Every structure is written in structure tokens, then in C-alpha cells.
2 protein chains.
Amino acid sequence: MTQNLDALSTDTPTDYESLKARIGVLSDNMPKRLLQCAKYALANPDRIALGTTAEIASAAGVQPSTLVRFAQTLGFDGFSQMQQIFQGQLVGRSNEYTERLNKIHESGTNTPASILGNFIASSKQSLDELLMQVDTIALDKTIEALATAETIHLLGLRRAFPVVSYLHYTLGKMRVRTNLLEFTGGILEERVQFINENDALFVATFSPYSPEVVEFASKAFGRGVKVLSLTDSVLSPIARVSSTVLEVHEAEHGAFRSLSTTMCLATSLAVAVGDARKWTSLS
Amino acid sequence: MTQNLDALSTDTPTDYESLKARIGVLSDNMPKRLLQCAKYALANPDRIALGTTAEIASAAGVQPSTLVRFAQTLGFDGFSQMQQIFQGQLVGRSNEYTERLNKIHESGTNTPASILGNFIASSKQSLDELLMQVDTIALDKTIEALATAETIHLLGLRRAFPVVSYLHYTLGKMRVRTNLLEFTGGILEERVQFINENDALFVATFSPYSPEVVEFASKAFGRGVKVLSLTDSVLSPIARVSSTVLEVHEAEHGAFRSLSTTMCLATSLAVAVGDARKWTSLS
DNA sequence: TACATTTTTGAATAAACATTCTACTTGTAG
DNA sequence: CTACAAGTAGAATGTTTATTCAAAAATGTA
């Protein structure tokens with residue numbers, strides 16, 4: 001109902017849904033070529049979002065100028081303005097969230113509820129991204145290594161410490177032998193020698209990457225230890241000294257990043273390792 | 001392995017994965033500005049896909065020409081050619097999202113990917129629930145108490161420890177004075193007396209609730225200390241000895257619960273407290 | 001059929017664009 | 001400290017782009 005009213009109003013559509021509705025209404029008495037544009041646009045929204053007028057026009061079998069007329073008929077200034085709606089649809093509003101976030105941050109209207117709302121929204125997005133982009137091969141390898149390791153050594157400082165701390169607790173509950181490496185002065189590096197060749201080292205580190213952690217992992221890796229890393233970018237220095245790398249992009253607000261998505265992955269790791277261990281111990 | 005070889009080859013990358021790999025390899029000896037491009041590109045692939053050189057350059061804090069150099073360094077003809085890779089990634093993602101979900105569901109329930117998929121799905125649900133059911137009054141009160149406290153004492157054991165550990169780190173970065181209470185034998189309870197009346201005690205505890213934690217909070221509450229608690233049920237024993245209670249229902253899989261939603265809330269708390277402190281210290 | 005109106009076309013145009021080039025800065029080896 | 005190389009910034013360039021416009025075609029009406 002509301003949608004139809006929106007579509008009939010003379011304002012320019014602001015989102016993909018109202019744009020579609022508008023097309024539906026106006027298509028009844030549209031001239032031939034414009035209807036051709038409408039059909040093509042609805043059938044190939046991606047190409048509208050990414051292509052140039054020339055490309056799209058030739059693909060749709062019309063003139064570039066017709067595309068402009070089409071956009072103007074729908075209430076837009078020109079083609080470019082319409083294209084932005086299609087682009088927004090493609091990205092899935094991720095820009096909208098970050099923009100809103102920045103605006104709120106700048107305008108100083110930071111209520112606790114709005115901060116929470118934004119973190120929830122971007123965490124959900126971050127979780128979706130994890131689902132889409134996770135390297136399932138690396139995931140499988142990591143779990144297999146963790147499942148077959150005699151002892152799992154866990155290392156992570158600063159923001160990464162809660163992650164390994166959580167793994168320490170959860171894996172411990174499953175009777176997996178873990179060793180949480182805590183940083184107490186310069187003693188840390190000497191402990192590399194206590195890592196057995198049947199063990200595994202799980203390292204979490206995020207930008208800015210702690211040099212101590214990278215150094216430690218590097219030494220262990222050099223000694224042939226399996227190094228399984230969890231980090232936030234392929235640019236992470238830990239990637240070069242790791243057997244497997246898991247990448248997570250966390251939600252952020254200004255300079256502060258959540259641990260929401262990372263914890264989701266960590267929990268999954270723990271459960272999967274637990275499962276795998278059960279199977280191997282049974283057989 | 002294969003990925004590294006691809007990245008080392010001199011051909012232009014043909015998909016997003018090999019592009020990322022290439023960036024990872026070349027980033028070792030990349031000059032400052034190009035590395036800046038690399039970081040921005042990996043963190044905001046969507047904007048690279050849709051923006052113009054001018055827009056992206058200003059957002060990344062570099063010159064438009066630097067973006068072109070960056071693309072050429074990676075083996076592309078120019079920026080436009082590189083942009084196509086990012087566009088391809090954008091289109092492929094939205095199409096394959098449901099497809100990937102289906103695959104995960106079909107692959108059985110005990111593969112690592114399916115475990116992760118389940119946790120992601122239930123974490124998103126849990127986040128939604130948090131948004132809908134959060135007690136905003138309690139949230140405001142908690143943040144005000146944390147913002148005005150002289151020192152924030154943090155207490156949480158077992159599964160709750162990573163939460164307070166994270167708050168300890170994040171609040172510390174904001175120059176908020178915190179004291180992470182660690183459990184070392186029976187000494188803990190004696191420390192109640194060191195909590196000042198201008199301080200606050202933040203307690204996290206989840207089922208099964210650690211008696212030590214509840215006992216400690218009870219004593220502090222009895223002495224008139226503000227006790228701000230984070231727990232998983234109003235039936236939690238901590239609720240009766242708290243000034244404010246925040247409730248979170250976490251995603252679970254069998255006997256194992258994630259910390260995803262809890263961390264989202266914790267991050268929001270930290271940021272909100274940081275904001276509130278900034279305001280009060282400025283005025 | 002003749003006329004008025006709408007629609008389309010395709011060249012013309014001006015703006016936006018990616019890219020190149022040169023002068024300048026920064027870092028480095030002798 | 002000097003000389004040389006590498007990297008960068010910002011203006012200049014030539015191309016691509018969306019958009020406009022006038023002429024032509026199509027459509028509807030009497």
C-alpha cells in the first residue's frame with residue numbers, strides 16, 4: 001500500500017524497492033523504447049549498477065540517450081542518479097551503515113542505544129561476510145591440525161588475548177590439552193623449545209600486529225611446528241610464518257573494533273575440534 | 001601453494017582471490033603510499049568496485065595517480081582494469097550467498113563449514129534479539145556509572161573472563177582506570193575492601209554461575225559499591241546483588257555457547273563509556 | 001489523408017574521468 | 001655532506017562519459 005503511494009509520488013525513488021514499484025506503475029503507459037529499458041533494468045540490475053550508458057544501451061538494444069530519458073521519466077535527474085540506487089542494492093546497504101555511523105559519530109549524537117544498534121548492524125554484516133569469504137580449505141586444515149595435535153599452544157596479546165583465552169577455556173572443557181602462553185617479560189621466546197613437534201601453535205593477532213607474537217610464531221614455524229593463525233588481513237606479517245591462515249574482518253566504530261565475528265569463528269573452531277577429536281578417539 | 005605461485009606469476013590477476021594473494025606477496029617491499037592503497041583496498045573492496053579514482057583516492061588519503069600506480073604495480077594496465085576484478089567480486093557475492101548457505105546445509109551437520117554456518121546464523125539471530133530486547137534504561141545507567149567511576153573493577157571467570165579481559169584492554173586504551181580481578185586462590189574476597197565508594201564493579205557471569213563471583217559481588221554490593229552486571233538471565237543470582245543488570249542470550253550449539261553477541265555488547269559499552277568520558281572531561 | 005503530438009534518433013557538447021608527465025621530495029649509498 | 005635513486009604530488013592531457021538538442025520518425029486524431 002505504502003509502497004504504491006511512494007511510487008506514485010513525484011519524488012525521486014531513494015531505494016531499490018520504491019524504484020521497482022515506480023517502474024511497475026509507470027510501465028502501463030510507457031512508450032516502446034522506455035519499456036524496453038524497464039524490462040532490461042529489472043532483468044539485469046547488476047549491469048545497470050556497473051556498466052556505462054554506452055554498454056548498457058547496446059546490451060538493451062536502445063540508444064544511450066534513451067537510458068537518460070528513462071531515468072528522467074522515473075523522476076531522476078539523469079542516468080547517474082538512478083545508477084546509484086542500483087549500486088546501493090548491489091552492496092547491500094553496507095555503505096549506508098558506515099555512512100550513518102560516521103555521521104552519528106561526527107554530529108556527537110552518540111547515545112548508548114545508537115552505538116549498540118550500529119555495532120549490531122555491522123556485526124551482522126561482518127558475520128555475513130565471514131560466511132561468504134571464509135577459506136573453507138584453510139578452515140578444514142586448521143581443524144585437522146588442532147584435532148591431531150598433542151598439545152595446542154595458544155598465543156595472543158592485547159585485543160587477541162580474549163580470543164585465545166576463550167579457546168583455552170572451551171577446549172579445556174573438552175579435555176583437549178592446551179597451553180595458554182602469557183607474556184611475562186622477555187621470557188616468552190625461550191619457550192619455543194618446549195613446543196613438541198607433535199604440537200600445534202595457534203596464534204591470533206590483529207593490526208597493529210605485536211612484534212613479539214610474530215617473532216615467536218616465526219621461530220616456532222622455523223622449527224617445523226604447525227602454526228595456525230587467525231588474523232585480519234592478508235597483509236598481516238603472521239601470514240608468512242603460518243601453515244594455515246584464517247581471515248576475519250571485524251565490525252568497527254571509529255578506532256574501535258568489536259570481537260563479535262572473531263568469537264563466532266573461535267567458537268566454531270572449538271566445537272569442530274571437539275567433534276573431530278571424538279571421532280578419532282572412537283575409531 | 002598454488003595460490004602463491006599464481007601470485008608470483010607476472011600475469012594480471014583474474015579474480016579477487018589471486019589479487020589478494022598478489023597484494024600479500026608484493027606488500028613486503030611496497031612503498032608507503034602504495035601500502036596505504038593496499039590496506040584501503042582490502043578493507044573497502046566495495047568502494048573500489050563502485051567509486052571513481054578521485055573519490056577512492058580522497059577516502060584512502062592518497063592521490064588519484066597513486067591508485068593508478070598501485071594497479072600497475074599489481075600487474076594491471078591501469079586502475080580501470082583492476083576495478084573490474086573488484087566489481088566481479090561484488091556481483092558474484094550477492095548471487096552466491098543463498099547458494100553457499102544451501103551447500104553448507106546439505107553438507108551435513110558435522111563439517112567445520114556447517115558448524116560455522118550454524119553459529120553465524122544463530123549469532124545473527126541472537127544479535128537481533130539483543131537489539132529488540134535490550135533494556136535501554138539499564139544500558140544508560142550502566143554506562144553512566146562506568147563513565148563516572150574513579151576506577152572500574154572487572155570480574156569474570158571461566159567463559160566470562162574473555163569478556164572482562166577485553167573490557168580491561170579496550171577501556172585501558174581509552175585511559176580509563178580499570179582493575180582486572182583475577183582469581184588466585186581464596187585471596188579474592190579480601191580485595192573487596194580495596195574497592196572505593198567512588199568506584200564501580202563490573203561483573204560478568206553466565207550459567208553455571210560461579211559462586212565465588214556472586215559471593216564477591218554480594219559483599220561489594222553490601223558495602224554500597226555500584227555493581228553493574230552482565231549475565232544471561234534475570235534468574236541469575238547476580239541480579240539480586242546488582243545496581244543494573246544487562247541480559248544477553250547467546251547463540252548455542254549443543255552444550256557450547258558463543259561469545260559473539262556478548263562481545264558486541266561489551267564493545268558498545270566500552271565505546272559509549274569512552275564517549276561519555278570525553279564529554280564530561282571536556283565540559 | 002492531413003495535421004498535431006509524442007517519441008526516437010544520432011550527432012554535438014560539456015563535464016568527468018583515468019592516465020601520463022614533470023618537478024619536487026625523500027631516502028640511501030658512497 | 002654529496003650524489004644518486006626511488007617515490008610522490010599535482011598539474012596537464014587525451015579519452016570516455018553522461019547529457020542535451022535539433023531533426024526525423026512514429027503515433028494518434030479528425
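With which side chain does the side chain of Thr261(B) make a polar contact? The partner is the side chain of Ser126(B), at 2.6 Å. This is a predicted model, in which local features need pLDDT of at least 70, side-chain atom pairs count only at pLDDT 80 or more, and totals for chains, interfaces and linings use all residues. Residues are numbered from 1 along each chain as its sequence is written, chains are lettered from A and ligands numbered from 1 in the order in which they are written, and side-chain values use heavy atoms, without hydrogens and water.

**View 1. Thr261(B) and its surroundings.** Thr261(B) sits in helix H12 (residues 260–282) of chain B. Helices here are DSSP runs of H or I with at least four residues, strands are runs of E with at least two, and both are numbered from the N terminus. Thr261(B) counts as buried because its relative accessibility is 0%. Buried means under 20% relative accessible area, exposed means over 50%, and partly exposed lies in between (1.4 Å probe, protein chains only). The polar contact joins the side chains of Thr261(B) and Ser126(B). Such a contact is a pair of N or O atoms within 3.5 Å; within protein, one must be able to donate a hydrogen and the other to accept it, and residues adjacent in sequence count only if both atoms are side-chain atoms. Leaving aside neighbours within four places in sequence, Thr261(B) is in contact with Ser123(B), Ser126(B), Leu127(B), Leu130(B), Val248(B) and Glu250(B), and with Ser260(A) from the other chain. Contact means heavy atoms within 4.5 Å.

**View 2. The interface between chain A and chain B.** Here 62 residues of chain A are in contact with 68 residues of chain B. The two chains bury about 5700 Å² between them, 71% of it on carbon and sulfur atoms. Buried area is the accessible area (1.4 Å probe) that two parts lose on being put together, summed over both. In chain A, Leu131(A), Met132(A) and Leu235(A) lose the most area to chain B, together 12% of what that side buries.

**View 3. Polar links and elements at the interface.** The count between chain A and chain B is 10 residue pairs in polar contact, both residues at pLDDT 80 or more. H9(A) gives the largest share, 15 residues. By class, the chain A side has 31 nonpolar, 20 polar and 11 charged residues. Ala, Val, Leu, Ile, Met, Phe, Trp, Tyr, Cys and Pro count as nonpolar, Asp, Glu, Lys and Arg as charged, and the others, Gly among them, as polar. Four salt bridges are counted between the chains. One salt bridge joins the side chains of Asp128(A) and Lys124(B), at 2.8 Å from N to O. The criterion is a side-chain nitrogen of Lys or Arg within 4 Å of a carboxyl oxygen of Asp or Glu.

**View 4. The surface near DNA strand D.** Of the 16 residues around DNA strand D, Thr53(A), Phe79(A), Arg33(B), Gln63(B) and Arg69(B) come nearest. A residue is near the strand if one of its heavy atoms lies within 4 Å of it. Sugar or phosphate accounts for 79% of the DNA strand D atoms within 4 Å of the protein, and bases for the rest. A polar side-chain atom of Gln63(B) lies 2.2 Å from a phosphate oxygen of DNA strand D. For a polar side-chain atom of Gln72(A), the distance to a phosphate oxygen is 3.0 Å. Phe79(A) uses a polar backbone atom, 2.5 Å from a phosphate oxygen. Elements giving two or more residues to this surface include helix H5 (53–60) of chain A and helix H3 (32–43) of chain B. The surface has four nonpolar, nine polar and three charged residues.

**View 5. Helix H2 (residues 16–26) of chain B.** This helix is mostly covered, with eight of its 11 residues buried. Among the buried residues are Tyr16(B), Lys20(B), Arg22(B) and Gly24(B).

View 6. Most residues other than glycine have a negative phi, and most peptide bonds are trans. A cis peptide bond joins Ser207(A) and Pro208(A), with omega about 0°. Ser207(B) and Pro208(B) are also joined by a cis peptide bond, with omega about -5°. Arg175(A) has a positive phi of about 65°. Arg175(A) counts as exposed because its relative accessibility is 78%. Phi of Arg175(B) is near 65°, also positive.
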